[in-house]
Amino acid sequence: MAKVLPRQAIDTRSAAELRMRAILERLPAKWRVIHSVSWQSPAGKGQDDGEADFVMIHPDHGVLVVEVKGGRIRTSEGEWFSVDRHGTEHQVKNPFEQAKRSKYALLRFLSGRMGRVTFPIEHAVALPDVHSPSLGPSGPREIVWDRAIDDDPASTVSATLNHYGMVASLT
């Protein structure tokens, strides 16, 4: 089983994140999964704050940054919406943009400390409450983790690794 940090589940209002945490724990033991990684990074003339729902590290593949959105997800005219268990619709941020912002913030952080980063850092979006098709050019099927991830997390994550051609040597 994967090692998930922190050891105790974080205090979050997101049932979808807690469900994803339990799913990701079932990955093979080489995976290290960090839940809720806050970051601050230079942006324009100031600083940008953000948070990655999950940062996943594998010695043979590199790093995946994952954004989770719960509820019944839909898009309309470039806007994203989630319908909660009570039937209430909420506008949400574009999870692909959030995942990319977190990915690039992590890359800037690591580059500032290591110099050139020589392993892959990529992103995926988890929509664990829905069966989801491809969500257009920013969301090819291989990087969208839908309800099917619960059946076989290793195959779902493997499809993302293969999509990006993620090969690393972090030992």
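A: In this predicted model, the backbone nitrogen of Phe96 lies 2.8 Å from a polar atom of the Asn94 side chain. The side chain of Asn94 also reaches the backbone nitrogen of Glu97, at 3.2 Å. Asn94 itself is placed in the loop between β7 (89-92) and α2 (95-114). Asn94 and Phe81 are separated by 13 residues in sequence, and their C-alpha atoms are 8.9 Å apart in space.

The largest nonpolar core holds 29 residues, of which Met20, Trp31, Met56 and Trp145 touch the most other members. At least two residues of this core come from each of α1 (15-24), β3, β4 (62-68), β8 (121-126), β9 (144-145) and α3 (153-164). The largest share, four residues, is supplied by α1. Beyond its neighbours within four places in sequence, Met56 is in contact with residues including Leu24, Trp31, Leu64, Trp145 and Val157. A second, separate core of ten residues has Val55, Val63, Ile121 and Ala168 among its members.

Strand β3 (residues 46-58) also contains His58. With a relative accessibility of 6%, His58 counts as buried because this value is under 20%. Apart from its neighbours within four places in sequence, His58 is in contact with Lys30, Trp31 and Leu170.

Conventions: Residues numbered from 1 in each chain as written. Predicted model: local features only at pLDDT ≥ 70, side-chain atom pairs only at ≥ 80, totals over all residues. Heavy atoms only, no water. Buried < 20%, exposed > 50% of the residue type's maximum accessible area, 1.4 Å probe, protein only. Contact = heavy atoms within 4.5 Å. Core = buried A, V, L, I, M, F, W, Y, C linked by side-chain atoms within 4.5 Å. Polar contact = N/O pair within 3.5 Å; in protein donor to acceptor, adjacent residues only side chain to side chain.
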